Amino acid sequence: MKTIVVVGNGMVGYKFCERFVVKERSKNYKLLVFGEEPRPAYDRVHLSKFFKNSDAKALEMAPHSWYAKNNIELITNERVTDIHRGTKTITTLSEKEYTYDYLVLATGSTPFVPPINGVEKEGVFVYRTIEDLEDMLAYAEKIKAKNPNAKAAVLGSGLLGLEATKAVIDMGLEPHVVEFSSKLMPRQLDLRGSNILQNKLESMNVTIHLSKNTNQILGDNSITGMEFGEYDKIDVEMLIISAGIRPRDELAKTCDLKIGTRGGIKVNNKMLTSDNSIFAIGEVALFNEMIYGLVAPGYEMADVAVHQILGNSDIVMNGDIDMSTKLKLIGVDVASFGEPFMPIDKGYSIIYENKTKDLYKRINISHDCTKLLGGILVGDVSDYNMLHQIYLNNLPIPEDAEELILGSRGGGSSFGNVLDIPDAAQVCSCENVTKGTICNLITAGTCENLADVIAHTKASTSCGGCKPMVVDLVNESLKSLGKEVKNVICEHFEYNRQELYGILKVKKITSFNEALDTCGKGDGCEVCKPLIASVFASLYNDTANKEDTIQDTNDKFLANIQRNGTYSVVPRIPGGEITPEKLITIGEVGKKYNLYTKITGGQRIDLFGAQLNDLPSIWKELIDAGFESGHAYGKSLRTVKSCVGSSWCRYGLDESASFAIELENRYKGLRSPHKIKGGVSGCIRECAEARGKDFGVIAVEGGWNLYVCGNGGATPKHALLLSEQIDNKTCIKYIDRFLMYYIRTAAPLMRTASWLDKLEGGIEQLKKVIIEDSLNINTELEQEMQSLVDVYECEWKQAIENEESKKRFSHFVNSNDRDDNLVFVPMREQKIPELWK
């Protein structure tokens, strides 16, 4: 049995193992894998997700057990230090020696750290490993304890640099981006695209510093700032360096393998180095005199190396590597493909730019206007997959090429049918899955749906960029067989949410078991149970107390579970208005139960760290003081934010606080497909940020302007004008109709902004429905809303008044003991859960 030693257990090293073990002849080989880090391979592409939950396991490509199951010996926390080509052995840092028949170097790269004076100071980090992220999180807490408004800079604005900027935001620090070039993402975007991206980031309070050459890092032992020139500097308490990568080729130097002038182990199209027994793949490999920093080329290299070792010598690397990419950077969609920058001697560019919506689209076409050569998309990348396929497969383009980014004037698709692309077209470059493979799995009956195709091919499971096209191919293939394509809830209900909503309403079904018996099958699952609970709440204003066993955790316990298993309590404060007496009550409750308190962005006060056993007692004290549940845990109305309006402000044109309180009290407890937020501003200065809400009202001369379908979060969108200069009564009437129409027709977990995007006809169609009553349903919508308002009950109050209901608020089924495993650490005169290790 021959031995293959893989040095490096990153994404590409893991992919080599994954591709190798599925081959029939792999049984004739022993696979030995070395990883420097203390854990198995993990997903570096989505590294920023670690800042949301600090869960390293969630990023794992495969657990230790997968390696053992596939007879792979994985040695972690061990660095290989030398290669001895003459004896075909390697030596590790612990001075152990191992023999190989084939050696695969997948050592990846290391962050490039510019030789800046002071770069060794405390508070300067690179963005590469989970350990780097853990160190950043700990340091961020340290500097925030001294300065709650602490700032952090990211050096470099490439793909990884903007990922690091998202990490800075997630850590609660003021973000700054420092870039040597005169534009952001200089390798992917042209100046116009970069400007759109810059405007978008600056609107999210990211400060951009362009054309900056960092001279030194200021501070004694730890960083206090960055200096660019004698009178040009910024004050920051943390720096994350993301200035490019350098291949980890030091092992090759120990055994005289050929190395490029600027680093990287030279390989041919078989991924062979200058030694016929040694392969190099991923970011350490110099192929075509290039280091490729994207995951897809690395995966292709891994596949080629597998085939070469197993004797399939015809499988080699394509000399023309596609560096196209689509990413979401800090909530902004960005994509580039082919030749993003087009010299005039090569072709023409067609550009669409809309600064009001932060959109930029550019396509580059040949001089004869028959070929798509490349392009750039910022803000809206929904057409990326088809544009990419047209470019890759040299497909014909419309006579009016601008239709590719502006849409067909005839109202049809500019791209034709997705099935028109060649079977050989590569849809998922990460997993090397073609259009033909996906379609044939459906037409041959091997797979019956999207989930089957993904399980069979792993398409879309890596970077996820190809998912929309995979979905389209599956759906169109099913349609070509005459099968109905439905986006059903789950295996237990053969309906989408809108259909099920109608069935439950017409048949007056009021319990989950009745729903299963009438229009479902089986016992239900974690998908359909909370969804049907939400529909019941939308139909009858049932609270989560009625059937707590079908709720998700937050709804079941009427509170948001936190990362250490405690809960947060958020009482409703309509419009953000609160009396001193109620403020004192919240303070007394927080003090009595030792809760971390924080004012939220929705003008409420959040109490963190409540144990499950204490929730009923906390609620009783708050209810006795006149509070109700704030429904911060539910897919329901959260808040209606307001400014003080004409009550106090000299600019106010109307009573915004009073109107916000009226709206919040009207819609409190309203359950919906996703959370709903509102806002009321007393003038166009917009202090309540009403245009960032699902419904927003702004006072103007002559009444209120009503805006709908905006949201903040990961993909912020401005709300659009539904009606202007209307009175309070009309405004409420339109909001009633709008919310009920959304509740009736939206898909599960779909925000109003996404719902409007998918509504045929968009905002103009919505105006016809809500204002002109084009569907003749407005009377019904108003009556449904009023019936929900009339039967509202506070579910906290329900829970504490029912002894049977109170029994669920216990950590243990058979004991009243409290959770004694909770560990807290101090922070700024309060406490937080101990950080995960």
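Is Asp380 buried, partly exposed or exposed? Select Asp380 and colour by accessibility: at 24% relative accessibility, Asp380 counts as partly exposed. Keep in mind as you click along that this is a predicted model.

**Stop 1: the partner of Asp380**

Now show the cartoon around them: Lys361 belongs to strand S24, while Asp380 sits in the loop between strand S25 (372-378) and helix H9 (384-392). The two residues are 19 residues apart, and the pair links distant parts of the chain. Lys361 is buried, with a relative accessible area of 7%, whereas Asp380 is partly exposed.

**Stop 2: the sheet around Lys361**

Tyr352 stands opposite Lys361 in S24. Select 347-354 for strand S23 and 359-366 for strand S24. These strands run antiparallel and are joined by eight bridges. Follow the hairpin of S23 and S24, where four residues lie between the strands. Pick out Asp358 there, which takes a positive phi near 55°.

Widen the view to the sheet as a whole. Five strands make up this open sheet in the order S21-S22-S25-S24-S23, with antiparallel pairing. Its edge strands are S21 (325-329) and S23 (347-354), and each of them pairs on one side only. On average, neighbouring strands here are turned by 10° against each other, direction ignored.

**Stop 3**

Next, select 124-126 and 207-209, which are strands S9 and S12. They belong to an open sheet of five strands in the order S9-S16-S10-S11-S12, where the pairing is parallel. S9 and S12 stand at the edges with a single partner strand each, so one side of each is left without a neighbour in the sheet. Neighbouring strands of this sheet are turned by 25° against each other on average, direction ignored.

For a view of the pairing itself, select strand S10 (residues 151-155) and strand S16 (residues 238-241), which pair in the parallel sense over four bridges. Within that pairing, Ala153 stands opposite Leu239 in S16.

**Stop 3: Glu784 and its two partners**

Side chains of opposite charge can pair when their charged atoms come close. Lys505 is in helix H14 (residues 497-506) and Glu784 in helix H24 (residues 778-790), 279 residues apart, so you will need both helices on screen. Lys505 is partly exposed, with a relative accessible area of 26%, while Glu784 counts as buried at 13% relative accessibility.

Arg744 lies in helix H21 (residues 728-745) and Glu784 in helix H24, so the pair ties together parts that are 40 residues apart in sequence. Both Glu784 and Arg744 are buried.

**Stop 4**

In the whole structure, a search finds 46 salt bridges.

**Stop 5: the largest cavity**

Rolling a probe the size of a water molecule over the atoms shows where empty space is left. How many cavities of 30 Å³ or more does a search of the whole structure find? The search finds three, and the largest has a volume of about 60 Å³. Colour them by class and you will find two nonpolar, four polar and four charged residues in the lining.

**Last stop: Leu294**

Finish at Leu294, in the loop between strand S20 (285-286) and helix H8 (295-309). Leu294 is partly exposed, with a relative accessible area of 23%. Draw a distance line from its C-alpha atom to that of Glu760: the separation is 37 Å, for residues that are 466 residues apart along the chain.

Notes. Residues are numbered from 1 along each chain as its sequence is written. This is a predicted model: local features need pLDDT of at least 70, side-chain atom pairs count only at pLDDT 80 or more; totals for chains, interfaces and linings use all residues. Side-chain values use heavy atoms; hydrogens and water are left out. On a 1 Å grid over the protein atoms alone, a cavity is a set of points where a 1.4 Å probe fits but cannot get out, and a pocket is an open set with protein on both sides within 12 Å along at least five of seven lines; lining residues have an atom within 4 Å of a point. Grid points are joined across faces, edges and corners, and a volume is the space filled by probe spheres set on the points. Ala, Val, Leu, Ile, Met, Phe, Trp, Tyr, Cys and Pro count as nonpolar, Asp, Glu, Lys and Arg as charged, and the others, Gly among them, as polar. Two strands pair if DSSP finds at least two bridges between them. Axes are lines fitted to C-alpha atoms, for helices over the stretch in contact, and angles run from 0 to 180 degrees between N-to-C directions. A salt bridge is a side-chain nitrogen of Lys or Arg within 4 Å of a carboxyl oxygen of Asp or Glu. Buried means under 20% relative accessible area, exposed over 50%, partly exposed in between (1.4 Å probe, protein chains only).
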